[in-house]
Amino acid sequence: MVFTRFIPARGVLLAAAFVFLFQAGCGLFAPRGKTLSVKIAPRVKMRFVYIEPLKIFAGKYEVSNREYRCFRPAHSSGSYEGMSLDGDRQPAVNVSWKDANAFCAWLTKNYGATPAGSFVFRLPTEKEWETYAAGGSGAEFPWGAWPPPKHLNYYGRENKGVAQSLETYDGYRVSCPVHKSCANALGLYGVAGNVWEWCQDKDEPQSAMRVLKGASWADCAPLFLRTGRRSAYEPDYKYINLGFRVVAEPS
């Protein structure tokens, strides 16, 4: 199912400004706001950014292998065509919707009580994801209007010799470290590309399938890159470009 967005004519300048902020988020622009840091191991902290319209904190990054292995030490994200997906700072993939929820439950049980208050950690709803991914702008794409900024981790020119790819170039043929996947105007990394992210929602009320958002390093078709685009799989399904992000809600 595809959702469309209406951007008024006067939004052209706003969209251009949003693209600039998204591009700047790749290194030149660091939004400031209320943050939350949760220490889950001696040298491992999960970082969250407060999303004012939603009154929740959203994970600054997709959950990394290093963070996920604090929960399941034996986890391996595997590889693709000889390229590792298993680096500590790469996003955890080959993680099902059930696995992601189990991680959230573990996080709440063990780390829900913080100096900043008590929190429940969970997957975002699809509506929450769309709100923070588009920086609250309601834009058609997470960065604003087409085309995408050149450094986003989609299927781009780093895949030499491939006819169908974007004009982007981030230097990574597979997933990149979560802190290198470009930040949007709210300071959230990887909401455009890198890996698809599990959400709470069912695809349809009577369906067991669960929603994924955000596209990945393996995607280049504009249809898949839209903020409103969703994919859906069974809650046990795992794959090399499916990961997740956690949100923290005051309990």
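The legends below describe close-up views of one predicted model.

**View 1. The chain as a whole, with five helices and 12 strands.** Helices (H or I, at least four residues) and strands (E, at least two) are DSSP runs, numbered from the N terminus. Of the 251 residues in the chain, 51% are buried, that is, under 20% relative accessible area with a 1.4 Å probe, protein chains only.

**View 2. The open sheet of six strands, in the order β1-β2-β3-β12-β7-β6 with antiparallel pairing.** Two strands pair if DSSP finds at least two bridges between them. Strands β1 (35-41) and β6 (113-114) stand at the edges with a single partner strand each, so one side of each is left without a neighbour in the sheet. Helix α3 (residues 97-111) packs on the sheet and touches β1, β2 (44-51), β6 and β7, where contact means heavy atoms within 4.5 Å.

**View 3. Strands β7 (residues 117-122) and β12 (residues 247-250), paired in the antiparallel sense over four bridges.** Arg122 has Val247 in β12 as its bridge partner.

**View 4. Gly156 in the loop between α4 (126-133) and β8 (196-202).** Gly156 counts as buried because its relative accessibility is 0%. Leaving aside neighbours within four places in sequence, Gly156 is in contact with Ser165, Leu166 and Thr168. Trp217 lies 61 residues from Gly156 in sequence, and their C-alpha atoms are 8.3 Å apart in space.

**Notes on all views.** Residues are numbered from 1 along each chain as its sequence is written, and side-chain values use heavy atoms, with hydrogens and water left out. In this predicted model local features need pLDDT of at least 70 and side-chain atom pairs count only at pLDDT 80 or more, whereas totals for chains, interfaces and linings use all residues.

Notes
Axes fitted to C-alpha atoms, helices over the stretch in contact; angles between N-to-C directions. Buried < 20%, exposed > 50% of the residue type's maximum accessible area, 1.4 Å probe, protein only.
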